[in-house]
Amino acid sequence: MKWKFKKIAVRLLRLNNSPQEIALGVAIGVFIGVLPVYGLHTLLVVIAAIIIRPANKIAIFLGTNISLPPTVPAITWAGYEIGRHISGGSLEPLSWLAFKEMTLEKLSCYYRPLFIGSLILGLACAGIFYMLTFFIVKKINSRKKYARNTHDRHKKF
């Protein structure tokens, strides 16, 4: 898994996309990955890749990997808590006891604050990941450009 991720990331950086295009792709992917639309992330990625032309398609896919199994509980909890507080805090907090007593009827009560909170969390995470990705890609590109220029200067002599 680690090797495949690294291979995709290297391929992404070799494309002639600007740091803005790559960062936009990652941000869109992160936003989609945070949304609690389990099972629909791939469909949303394809739709986003078609609609938002300037965004890098590989970066969108990579961004959705924020919602891998180890991070889903934290993302779900944070999204629900944000939504719960926006709703006035009258809903009960998530707990293991709440999960043990979960019914389909109760699940529908939890979903609305989860979705609203996840929208806000997704926007915040997308902004953070946009900035991080932009600066990282810009730094990597400037290092590659510097290395090429240095290499070209040494060839001339």
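Leaving aside neighbours within four places in sequence, which residues is Ile28 in contact with? In this predicted model, where residues are numbered from 1 along each chain as its sequence is written, local features need pLDDT of at least 70, and side-chain atom pairs count only at pLDDT 80 or more, while totals for chains, interfaces and linings use all residues. Side-chain values rest on heavy atoms, with hydrogens and water left out.

As for Ile28, its contacts (heavy atoms within 4.5 Å) are Ala48, Ile52, Ala55 and Ile60, once those close sequence neighbours are set aside. Ile28 sits in helix 2; helices here are DSSP runs of H or I with at least four residues, numbered from the N terminus. With 14% relative accessibility, Ile28 counts as buried, a label for anything under 20% relative accessible area, with exposed meaning over 50% and partly exposed in between (1.4 Å probe, protein chains only). Ile28 and Gly63 are 35 residues apart in sequence, yet their C-alpha atoms are 7.0 Å apart in space.

Now for the partner of helix 2. Helix 2 (residues 19–34) packs with helix 3 (residues 41–51) at an angle of about 150 degrees, and their axes are 10 Å apart. That makes the two helices, helix 2 and helix 3, roughly antiparallel, the word used for angles over 145 degrees. Axes are lines fitted to C-alpha atoms over the stretch in contact, and angles run from 0 to 180 degrees between N-to-C directions. On the helix 2 side, Ile28, Ile32 and Gly33 take part, meeting His41, Leu44, Val45 and Ala48 of helix 3. Sorted by class, this contact of helix 2 with helix 3 has 5 nonpolar, 2 polar and no charged residues. Here Ala, Val, Leu, Ile, Met, Phe, Trp, Tyr, Cys and Pro count as nonpolar, Asp, Glu, Lys and Arg as charged, and the others, Gly among them, as polar.

Helix 3 has its own pattern. Its buried residues are His41, Val45, Ala48 and Ala49. Seen down the axis of helix 3, these fall within an arc of 100 degrees, so they line one face of the helix; the arc is taken from the directions from the helix axis to the C-beta atoms. An α-helix has 3.6 residues a turn, so residues three or four places apart point the same way. The buried residues of helix 3 pack against helix 2 and helix 4 (57–63), while Leu43, Ile50 and Ile51 are exposed on the other side of helix 3.

Thr64 lies in the loop between helix 4 and helix 5 (72–86). Thr64 is buried, at a relative accessible area of 10%. Not counting residues up to four places away in sequence, Thr64 touches Gly29, Val30, Ile32, Gly33 and Val45.

Conventions
Angles under 35 degrees count as roughly parallel, over 145 as roughly antiparallel, 65 to 115 as roughly perpendicular and the rest as oblique.
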